[in-house]
Amino acid sequence: MGRAVARRMDCVWEDSDHEIEAQLGCTVREYFEAEGEGAFRDREEEVLDSLSRTAGIVLSTGGGAVLREVNRQRLKERGTVIYLRSSPEALYRRLKNDTKRPLLQVADPLKRLRALYAERDPLYRECAHFVIDTHGSSLSMLVNRIMMQLELAEGGALGGQPGTGSAGDGGR
């Protein structure tokens, strides 16, 4: 989604998890397994701090980026945050065969997604300037909805550097 929005805006797309993997030289899952979630969240916080200072980008974040208050504050203050809200069931259908997301490598991924949603949905809402429900929407429809929201907000009180952070992909 972030890549498609960046293309439409003719700007650079950054993904915090891709940046973390580039810096570490291993996958998020490998780092999670070797160092634990706490070490990953520390690295994520550093990367988000750096990337959120970059003007004119679209920034995609991992689903757990909102777990730390400092991340929520920085994202909200430095850009326009769009929460792409999906139900746990929709995420499960999309991610049931995904082996890259460490928090979903459990016996019952749907149960885990429901628990993550219950924990994270209020946090996403706290830092989001806009909440866009993804249910039943194609990629192009979602990009159009995002662009409309950004155009409406342009010149408004959303301040901060241009760019969007999309949190809420679930499972990281």
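**Strands, cores and salt bridges in a predicted model**

Tyr83 stands opposite Val131 in strand E4. Tyr83 belongs to strand E3, residues 80–85, and E4 covers residues 130–133. The two strands pair in the parallel sense over four bridges. Strands count as paired if DSSP finds at least two bridges between them. Helices (H or I, at least four residues) and strands (E, at least two) are DSSP runs, numbered from the N terminus.

The model is predicted, so local features need pLDDT of at least 70 and side-chain atom pairs count only at pLDDT 80 or more, while totals for chains, interfaces and linings use all residues. Residues are numbered from 1 along each chain as its sequence is written, and side-chain values use heavy atoms, with hydrogens and water left out.

The protein chain contains eight helices and five strands. Along the sequence they follow the pattern α-β-α-α-α-β-α-β-α-α-β-α-β. The chain has 172 residues, and 46% of them count as buried. Buried means under 20% relative accessible area; exposed means over 50%, and partly exposed lies in between (1.4 Å probe, protein chains only). The chain exposes about 8,800 Å². Carbon and sulfur atoms supply 48% of that area. Accessible areas come from the Shrake-Rupley method with a 1.4 Å probe; for residues, only the protein chains shown count as cover. Among contacts (heavy atoms within 4.5 Å) with a separation of 6 or more, 75% join residues 24 or more positions apart.

Strand E3 is largely enclosed by the rest of the structure, because six of its six residues are buried. Its side chains point two ways. Thr80, Ile82 and Leu84 point one way, and Val81, Tyr83 and Arg85 point the other. All of these residues are buried.

Helix H6 spans residues 88–95 and has Pro88, Leu91 and Leu95 buried. Seen down the helix axis, the buried residues of H6 fall within an arc of 60 degrees, so they line one face of the helix. The arc is that of the directions from the helix axis to the C-beta atoms. Helix H7, residues 109–127, is included in what covers them.

Nonpolar residues also gather into cores. In soluble globular proteins, nonpolar side chains tend to be buried together. A nonpolar core is a set of buried Ala, Val, Leu, Ile, Met, Phe, Trp, Tyr and Cys residues joined through side-chain atoms within 4.5 Å. The largest core in this model has 25 residues. Those with the most contacts inside it are Phe32, Phe40, Leu59, Val66, Val81 and Leu104. Helix H3 (28–35), helix H4 (37–51), strand E2 (57–60), E3, H6 and H7 each supply at least two residues of this core. H7 gives the largest share, five residues.

Charged side chains were examined next. Side chains of opposite charge can pair when their charged atoms come close. A salt bridge is a side-chain nitrogen of Lys or Arg within 4 Å of a carboxyl oxygen of Asp or Glu. The whole structure has 13 salt bridges.

One of them joins the side chains of Glu44 and Arg41, at 2.9 Å from N to O. These two residues are three apart in helix H4, and therefore separated by about one helical turn. Glu44 counts as buried, at 1% relative accessibility. Arg41 is buried as well, with a relative accessible area of 4%.

A second bridge links Arg74 and Asp49, whose closest N and O atoms are 3.5 Å apart. This pair links distant parts of the chain: Arg74 lies in helix H5 (residues 69–78) and Asp49 in helix H4, 25 residues apart. Asp49 is buried, with a relative accessible area of 17%. Salt bridges also connect Asp49, Arg53, Arg74 and Arg78 in a network.

A further bridge joins Glu126 and Arg72, with the closest N and O atoms 3.1 Å apart. Glu126 lies in helix H7 and Arg72 in helix H5, so the pair ties together parts that are 54 residues apart in sequence. Glu126 is partly exposed at 43% relative accessibility, whereas Arg72 is buried at 8%.

Most residues other than glycine have a negative phi. Asp10 has a positive phi, near 55 degrees. Asp10 sits in the loop between helix H1 (2–9) and strand E1 (12–15). Asp10 is exposed, with a relative accessible area of 72%.
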